Amino acid sequence: MANIHFHPDHALLSRFAHGELESASSIMISAHLEFCPYCRQKIAAIETEQAGLLEKSEPATLSPALNAMMQQIMDQELVDETVDEWPDTQLKLEDKSYPLPSALQRHNEKIGPWSRLPGNIKRAQVDVSGTSKMNFIYMDSDSALPEHTHQGQEITLVLAGEFYDENGTYKPGDFIIQTEAHKHLPRTREGKDCLCLTLLNAPLHFTSGLATLLNPFSQLFFR
Ligand SMILES: [Zn+2]
């Protein structure tokens, strides 16, 4: 999609291609790839490079044990394919329904019910392994999250609609990483709502006015 402006950087794509990311981060990247032919191409290039390296190495370096393991993995995937249940492809929110990223279609039972947060925000948790917290965040039109910084890292992937902050407007497919260095105030415009998938590895920290009183609110996101 030509109008995606924010992408994972090369290092992150490379770690994804090499299978070095924890599953929650991999889900975020896979979901971005569904939107982004540009990054799919980059992944393909990294994989080609990897394959080239494998070809150059002597066949003897692939031990029989490794061969057997790879065979097993390939068999496994075939089995998975055949016993797969009909995946749930839609995420429902009241009268709306959104296509689920493929990476989450097999984990539908891990998506919790929607709950309401202050400021016309709704959230559904995704139960992922590891220490990070994944949430679907729905911002109704003309709503705002209190200004906050991040104690760790927050990845946001826009799935539908749009939101904006001091730094720009974010549309479907945009992949935004924020860290301690960023302070931002995500908002939606009138008549524009927004659905995002977010991954947090530490609680949000609210920085301004009344919002600092809401710091327990950050726990709502990190639970
Ligand atoms: Zn991309």
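A salt bridge is a side-chain nitrogen of Lys or Arg within 4 Å of a carboxyl oxygen of Asp or Glu. The legends below describe close-up views of a predicted model.

Figure 1. The side chains of Glu162 and Lys171 form a salt bridge, with an N to O distance of 3.7 Å. Because 3.7 Å falls within the 4 Å cut-off, the pair qualifies. Glu162 also pairs with Arg189, and here the closest N and O atoms are 3.1 Å apart. Glu162 counts as buried, at 10% relative accessibility. Its two partners are partly exposed: Lys171 has a relative accessible area of 35%, and Arg189 has a relative accessibility of 34%. Side chains of opposite charge can pair when their charged atoms come close.

Figure 2. Five salt bridges are counted in the model. One of them joins the side chains of Arg116 and Glu94, at 3.8 Å from N to O. This pair links distant parts of the chain, with Arg116 in strand E3 (residues 115-117) and Glu94 in the loop between strand E1 (90-93) and strand E2 (96-99), 22 residues apart. Arg116 and Glu94 are both exposed; for Glu94 the relative accessibility is 56%. Through shared partners, salt bridges connect Glu94, Arg116 and Lys122 into one network. Most residues other than glycine have a negative phi.

**Figure 3. The zinc site.** Four protein residues donate to the zinc ion: His7 through ND1, His32 through NE2, Cys36 through SG and Cys39 through SG, at distances of 2.0 to 2.3 Å. The angles among the four donor atoms are 98 to 117°, and the site is tetrahedral. This assignment follows because four donors count as tetrahedral if all angles lie between 85 and 135 degrees. Along the sequence, the donor residues follow the spacing H-x24-H-x3-C-x2-C. His7 and Cys36 connect distant parts of the chain: His7 belongs to the segment before helix H1 (10-17), and Cys36 to the loop between helix H2 (23-35) and helix H3 (37-56), 29 residues apart. The two residues can also be described by their accessibility. His7 is partly exposed, with a relative accessible area of 26%, whereas Cys36 is buried, with a relative accessible area of 1%.

Figure 4. The buried residues of H1 are Leu12, Leu13, Ser14, Phe16 and Ala17. Among the elements that cover these buried residues are H2, H3 and strand E10 (175-178). Just after H1, Gly19 adopts a positive phi of about 70°.

Figure 5. Ser143 lies in the loop between strand E5 (133-139) and strand E6 (148-150). With a relative accessibility of 5%, Ser143 counts as buried. A polar atom of the Ser143 side chain lies 2.6 Å from the backbone oxygen of Asp140. Leaving aside residues up to four places away in sequence, Ser143 touches Gly119, Asn120, Ile121, Pro186, Arg187 and Thr188. Asp142 is placed in the loop between E5 and E6. Asp142 counts as exposed, at 51% relative accessibility. The phi of Asp142 is near 55°, a positive value in a residue other than glycine.

**Figure 6. The protein chain as context for the close-up views.** The protein chain contains six helices and 13 strands. Of its 223 residues, 39% count as buried. Among contacts with a separation of 6 or more, 63% are between residues 24 or more positions apart. The accessible surface of the chain is about 12,500 Å², and carbon and sulfur atoms contribute 55% of that area.

Note on methods:
Residues numbered from 1 in each chain as written. Predicted model: local features only at pLDDT ≥ 70, side-chain atom pairs only at ≥ 80, totals over all residues. Heavy atoms only, no water. Donors = N, O, S within 2.8 Å, 3.2 Å for Na, K, Ca; no water. Tetrahedral: all angles 85-135°; square planar, octahedral: opposite > 155°, others 65-115°. Helix = DSSP H or I, 4+ residues; strand = E, 2+ residues; numbered from the N terminus. Buried < 20%, exposed > 50% of the residue type's maximum accessible area, 1.4 Å probe, protein only. Contact = heavy atoms within 4.5 Å. Areas by Shrake-Rupley, 256 points an atom, 1.4 Å probe, with all protein chains shown as cover. Polar contact = N/O pair within 3.5 Å; in protein donor to acceptor, adjacent residues only side chain to side chain.
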